[in-house]
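Subject: Structure handover and what was found in it

Dear colleague,

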Protein chains: 2
Amino acid sequence: MTANISDVARRAHVSVATVSRVLNDNYPVAAPTRERVEEAVRDLGYVANAHARALITATSGTVGVLLHDVSDPYFAEIVRGIQEVADEAGRLLVLCSSLRDPSREIAYIKMLRGQRVDAVILTSGYIEDDEFVVALQEQARGLRAQGSRLVLCGGYPIRAPAVAPDNAGGAFRVTRELLQVGHVRIAHLAGPPRFSTTEDRLRGYQGALASFGLEPEPELIVTGDFTRQGGYDACLKLIDSRAQFSAIFAANDIMAIGVLAALRERGLEVPRDISLVGFDDIPISRDLTPPLTTVAVPMAEIGRRAMQLALCQPPPEDSVTRLPTQLVRRSSVAPVRGAESAELAPAR
Amino acid sequence: MTANISDVARRAHVSVATVSRVLNDNYPVAAPTRERVEEAVRDLGYVANAHARALITATSGTVGVLLHDVSDPYFAEIVRGIQEVADEAGRLLVLCSSLRDPSREIAYIKMLRGQRVDAVILTSGYIEDDEFVVALQEQARGLRAQGSRLVLCGGYPIRAPAVAPDNAGGAFRVTRELLQVGHVRIAHLAGPPRFSTTEDRLRGYQGALASFGLEPEPELIVTGDFTRQGGYDACLKLIDSRAQFSAIFAANDIMAIGVLAALRERGLEVPRDISLVGFDDIPISRDLTPPLTTVAVPMAEIGRRAMQLALCQPPPEDSVTRLPTQLVRRSSVAPVRGAESAELAPAR
DNA sequence: CTGAAAGCGCTAACAA
DNA sequence: TTGTTAGCGCTTTCAG
């Protein structure tokens, strides 16, 4: 069916070893011989079988990437960064959407181990689930035993090289941004439970409140699932709870988009009636109305670094590279109105 | 290092053949034997080497996907659809960003051929470039010779199974939508040259004008590169050219976002001063201000269908599955003002 | 139901 | 500089 190396050898009147040498260019071969081989390769449209090669070299030139979903801009940006350096290094990427399902995550890692990937990069965010952590640790060990490795994007309770944004710091700063212009009753639309991202951003929010001598109020913390719909629903729930607040800090920009829609639907204007901030600075955030004040997370850079950790020789230490986040001021925040700021509630 | 099949066999006191049989569950094995093997597998953390398997079976359980860039929502949605059915079928996806570079595209296909992928799905859009077409045809042949196949998303002058949206029809309808409310001078922000998508949408635009007895005016057709920046730049260029127009049809939603920004910057309001329509209906389009009237392309469905074509047995015919597009009316279109509509120009 | 053995296509000693 | 050959880890006849 498909030409193999001995077909090429026969056609070029050389041995398979010689063909292998010109293909890999890792051994001296006489110029005329090389040409004959190259011609045979061309004539036959020969492409070396990567599996046979991988079987011997025990590496595949392939890196596995686990993410939530490519259509989530946050992950898409990370993948873009990963792609960039994969491309430079001549590596292929195997992408797996786990949809935040821990068991699926483990199943994928096993498949990737079977593929003898050079590394697997986990981006989906730690799931605080003991069973999962144990399984993950086991997979990390298995990977290492294969001469591969696990690289983490984000905070995981696992010993492995990692790169993670300063979520808590960013959340702290963006919350203070709200506090500094007089907001006191700031609602937080948190991410799904058990994710390090959720926890870290929540912690930053609480820290900022505390730095202003404020107690976090449970009824002002609502949970979403990092989707537009989740943000929309949570915001409506918040409004309908009749809790008082003058600002909302959404744990990611996508939920902020849902909030914007919900608020508009209820006749509330941002930032006139309610101030709103997000997190991530996904590309669209600048184009929202109003342009969203948020915290920039260097997603592509996280991807790039992760891929570097995945490929670098010798293997990196099991330490986390913390990347700074940055407050991006746009137009979705306004000073709280009037002197009775603390009492201000959304109009109904 | 890593356990292999004979380690498992030894530990379970059986032959490698038996291990293989329980692993693949394609042959009768006595229950107690099977259990011993399964236990050994568990104890050793054994994962079968997919390369060794691929070497024999000549299939890899892997499908290659070529796209422009994951961080482009259009492609991200297609990939999401592809992922869905890949997952159901237990297939792994190898993703390659070609960034619309034809030579990179060919290089990737070669790598994927080496990986013995079960199929490669091309989504990046046809590049009208003879050299490329010849090379692509050659790769398609090579793929077929391997028992693999090429599947196309979009219009290509290549004989292969394909699934493509009705771009021309959608462009026709959305342009008519503008014409019907009195717009006569409609600018078109076309995509990059040599892409079938660009050509088809342009054709639909021209067809709609013709159906109203209008001649397309060259100065109203500007080219962008399907990015926000491209849309922004093109729109500014259009305004500065002092050409007269009351509406803009952007060849994709992302460029429409750039147009929105450019228009706002010049103090032009949509749809009061200028009506705007896009194409694709990417998820964010409903959240723009104003919500964008556009043409919905079933991106995820394209991906799903493409993957089905990639996997189905027996191999599909070399025919294109045309998927309908649908006009989505939102709020970025208004009737042209006054009676002198044809003469209306954007305020300066 | 289980085992022995022949490769799949390639690389990497080892010879020549 | 080139050729010969022994596997890499697995599946799959073919025997038993």
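In what order do the four strands of the open sheet of chain A come, and is the pairing parallel or antiparallel? Before the answer, a word on conventions. This is a predicted model, in which local features need pLDDT of at least 70 and side-chain atom pairs count only at pLDDT 80 or more, whereas totals for chains, interfaces and linings use all residues. Residues are numbered from 1 along each chain as its sequence is written, chains are lettered from A and ligands numbered from 1 in the order in which they are written, and side-chain values use heavy atoms, with hydrogens and water left out.

The four-stranded sheet

The order is 7-6-8-9 in chain A, and the pairing is parallel; helices (H or I, at least four residues) and strands (E, at least two) are DSSP runs, numbered from the N terminus, and two strands pair if DSSP finds at least two bridges between them. Strand 7 (221-223) and strand 9 (275-277) of chain A are the edge strands, each of which pairs on one side only. On average, neighbouring strands of this sheet are turned by 20 degrees against each other, direction ignored (axes are lines fitted to C-alpha atoms, for helices over the stretch in contact, and angles run from 0 to 180 degrees between N-to-C directions). Strand 6 (residues 186-190) of chain A runs parallel to strand 7 of chain A and is joined to it by three bridges, A:His188 having A:Ile221 as its bridge partner. Helix 9 (residues 196-211) of chain A lies across strand 6, strand 7 and strand 8 (247-250) of chain A, at about 170 degrees to strand 6, where contact means heavy atoms within 4.5 Å.

In the loop between strand 9 and strand 10 (294-296) of chain A sits A:Phe279, which is buried, with a relative accessible area of 0% (buried means under 20% relative accessible area, exposed over 50%, partly exposed in between, with a 1.4 Å probe and protein chains only). Leaving aside neighbours within four places in sequence, the contacts of A:Phe279 include A:Asn167, A:Arg201, A:Phe249, A:Asp253 and A:Val297; the C-alpha atom of A:Val297, 18 residues along the chain from A:Phe279, is separated from that of A:Phe279 by 7.7 Å.

Strand 8 of chain B

In chain B, strand 6 (residues 186-190) and strand 8 pair in the parallel sense over four bridges, and strand 8 also pairs in the parallel sense with strand 9 (residues 275-277), over three bridges. B:Ile248 is the bridge partner of B:Ala187 and also of B:Leu276. B:Ala247 and B:Phe249 point one way from strand 8 of chain B, B:Ile248 and B:Ala250 point the other way, and all are buried. B:Leu189, in strand 6 of chain B, counts as buried at 1% relative accessibility, and its contacts beyond four places in sequence include B:Val222, B:Phe249, B:Ala250 and B:Val259.

The sheet across both chains

A further open sheet has 12 strands, in the order 11(A)-5(A)-4(A)-3(A)-1(A)-2(A)-2(B)-1(B)-3(B)-4(B)-5(B)-11(B), with mixed pairing. Strand 11 (320-323) of chain A and strand 11 (320-323) of chain B stand at the edges with a single partner strand each, so one side of each is left without a neighbour in the sheet. Strand 2 (residues 92-97) of chain A and strand 2 (residues 92-97) of chain B pair in the antiparallel sense over three bridges, and A:Leu93 has B:Leu95 as its bridge partner.

Cores and pocket

The largest nonpolar core has 150 residues, and those with the most contacts inside it are A:Ile248, A:Met307, B:Ile248 and B:Met307; such a core is a set of buried Ala, Val, Leu, Ile, Met, Phe, Trp, Tyr and Cys residues joined through side-chain atoms within 4.5 Å. A second, separate core of 50 residues includes A:Tyr126, A:Ala140, B:Tyr126 and B:Leu152.

About 1,100 Å³ of space lies in the largest pocket. Of the 44 residues that line this pocket, the closest to its centre are A:Ser71, A:Pro73, B:Ser71, B:Pro73 and B:Ile284. A pocket here is an open set of points, on a 1 Å grid over the protein atoms alone, where a 1.4 Å probe fits, with protein on both sides within 12 Å along at least five of seven lines, and lining residues have an atom within 4 Å of a point; the volume is the space filled by probe spheres set on the points.

With kind regards
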